[in-house]
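Please read them with the structure open.

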Amino acid sequence: MKRVFLLIATNMAILVVASIVMSILGVNTSTMGGLLVFAAIFGFGGAFISLAISKWMAKKTMGCEVITQPRDNTERWLVETVARQAEQAGIKMPEVAIYQSPEMNAFATGPSKDNSLVAVSTGLLYGMTQDEIEGVLAHEVSHVANGDMVTLTLIQGVVNTFVIFAARVVAGIINNFVASNDEEGEGLGTFAYMGVVIVLDILFGILASMIVAYFSRIREYKADAGAAKLAGKNKMIAALERLRQGPETGAMPAQMSAFGINGKRSMAELMMSHPPLEKRIAALQSS
C-alpha cells in the first residue's frame with residue numbers, strides 16, 4: 001500500500017506541476033504546436049521529476065537503510081568497496097544502503113553522477129561471496145559513472161512525448177473521419193474520443209516500452225563491461241553465474257529494476273530491460 005500511495009502521490013504532483021507550467025505558458029492544445037508543447041511538458045516533466053526524486057523514492061519504496069556508520073565488518077567492507085570503485089570511476093562517493101529482501105539483487109539510482117545511491121539486498125549481501133558482490137557493486141557504480149540514470153530519463157521523455165502526441169493526433173484524425181461521414185458532423189463525442197485516446201496511449205505505450213527496453217539492454221552490456229574494468233572480468237562473470245543459478249527476481253519497482261543487476265525474466269526479450277544472463281556472460285567471456 002505504501003508503494004501504491006507514493007506512486008499515486010508522485011503522479012498527482014507531476015500533473016499539478018505540468019498543469020501550472022501549461023497555464024503560465026498559455027499552451028493551446030487545439031493547434032499542432034500547442035499539442036506538441038503539451039506532450040513535451042507531460043512527457044519530459046514526468047521523467048525529470050521522477051529522476052529528481054529517485055533517491056528519495058528508492059529509500060521510501062524499498063525501505064533502504066543508508067549506512068552512515070558501519071555496524072560490522074560486512075557493512076564496513078561494503079562501504080569501502082563502493083568508495084574505492086567510485087574513486088576509480090571518477091565519481092563522487094554514492095550513498096550506500098541495504099534493503100530487506102530475500103532475492104539477490106542491487107540497484108543504483110539518483111539524479112546525477114555526484115548524487116547517487118547504490119543499494120544491495122540482504123539476500124545478495126549474505127548469499128554471495130565477496131568477489132561476486134564486488135562484481136555487482138562495480139556494475140552499479142558503472143551505471144552511475146556512465147550517467148545511465150540521466151540517459152534513460154531523456155529517452156523516456158522522448159518516447160513519452162511521442163506517445164502523448166501521436167495518440168492525440170491519430171485520435172483527431174479518427175474523429176475528423178467519423179465527423180466527415182456523419183450527417184450531423186459531430187464526430188466521436190467527448191467520451192468516445194477519450195476512449196480512443198486511452199486505447200492509442202496503451203498501444204503506442206507498448207511500442208515505446210520496447211524502445212526503452214532496447215536502450216536499457218545496451219546499457220546493461222556497457223555496465224557489465226565497466227564492472228569488468230573496475231573489479232575484474234572473472235568477478236563480474238562469477239556474479240552473473242551466481243544470479244543465473246538463483247530464482248527469478250521479485251517485484252522491484254520498475255524505476256529501480258531498470259538499474260538493478262538482475263532484471264525480470266520474460267519470454268519476449270523485446271520487453272526485457274536486461275539481456276538474458278547467458279548472453280551477458282557470453283559477451284564478457286568474448287571480450
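What percentage of the 287 residues of the protein chain count as buried? The figure is 46%, where buried means under 20% relative accessible area, exposed over 50% and partly exposed in between, with a 1.4 Å probe and protein chains only.

1. Ground rules. This is a predicted model, in which local features need pLDDT of at least 70 and side-chain atom pairs count only at pLDDT 80 or more, while totals for chains, interfaces and linings use all residues. Residues are numbered from 1 along each chain as its sequence is written, and side-chain values use heavy atoms, with hydrogens and water left out.

2. Overall make-up. The protein chain has eleven helices and four strands. Both are DSSP runs numbered from the N terminus: helices are H or I with at least four residues, strands are E with at least two. Take the contacts in the protein chain with a separation of 6 or more: residues 24 or more positions apart account for 67% of them. Contact means heavy atoms within 4.5 Å.

3. An unreviewed UniProt entry lists His139, His143 and Glu220 under "binding site". These residues are spread over 82 residues of sequence, yet they cluster in space, with a largest C-alpha distance of 8.5 Å. UniProt positions are in the numbering used here, feature names are shortened, and annotations may be inferred rather than shown by experiment. Histidine 139 sits in helix 6, residues 130-145. Histidine 143 is in helix 6 too. Histidine 139 counts as buried because its relative accessibility is 0%. Histidine 143 counts as buried at 0% relative accessibility.

4. Helix 6 holds glutamate 140. Is glutamate 140 buried or exposed? Glutamate 140 is buried, since its relative accessible area is 0%.

5. Arginine 217. This residue belongs to helix 8. Its relative accessible area is 10%, so arginine 217 is buried. Leaving aside residues up to four places away in sequence, arginine 217 touches Glu269, Leu270, Met271, Met272, Ser273, His274 and Pro275.

6. Transmembrane annotation. From an unreviewed entry, UniProt places "transmembrane region" at residues 5-27, 33-53, 158-179 and 191-215. Residues 158-179 are 100% helix and 0% strand, and their end C-alpha atoms lie 31 Å apart. Residues 191-215 are likewise 100% helix and 0% strand. Their end C-alpha atoms are 36 Å apart.

7. Helix 7 against helix 8. Helix 7 (residues 148-180) and helix 8 (residues 190-231) pack at about 155 degrees, with axes 8 Å apart. Axes are lines fitted to C-alpha atoms, for helices over the stretch in contact, and angles run from 0 to 180 degrees between N-to-C directions. Helix 7 and helix 8 are therefore roughly antiparallel. On this scale, angles under 35 degrees count as roughly parallel, over 145 as roughly antiparallel, 65 to 115 as roughly perpendicular and the rest as oblique. Helix 7 passes helix 8 in a right-handed crossing. A crossing is right-handed if the near helix is turned clockwise from the far one by less than a right angle, and left-handed if anticlockwise. The contact of helix 7 with helix 8 involves 21 nonpolar, four polar and four charged residues. Here Ala, Val, Leu, Ile, Met, Phe, Trp, Tyr, Cys and Pro count as nonpolar, Asp, Glu, Lys and Arg as charged, and the others, Gly among them, as polar.

8. Helix 2 against helix 7. Their axes come within 8 Å and cross at roughly 145 degrees. Helix 2 passes helix 7 in a right-handed crossing. The contact of helix 2 with helix 7 has 18 nonpolar, six polar and one charged residues. Valine 37 lies in helix 2, residues 32-52. At 34% relative accessibility, valine 37 is classed as partly exposed. The C-alpha atoms of valine 37 and threonine 161 are separated by 8.9 Å, though 124 residues apart along the chain.

9. Helix 9 against helix 11. The axes of helix 9 (residues 233-245) and helix 11 (residues 277-286) come within 10 Å and cross at roughly 165 degrees. So helix 9 is roughly antiparallel to helix 11. Helix 9 passes helix 11 in a left-handed crossing. Residues making the contact include Met236 and Leu240 of helix 9, and Ile281 and Leu284 of helix 11. The residues of this contact of helix 9 with helix 11 divide into seven nonpolar, one polar and five charged.
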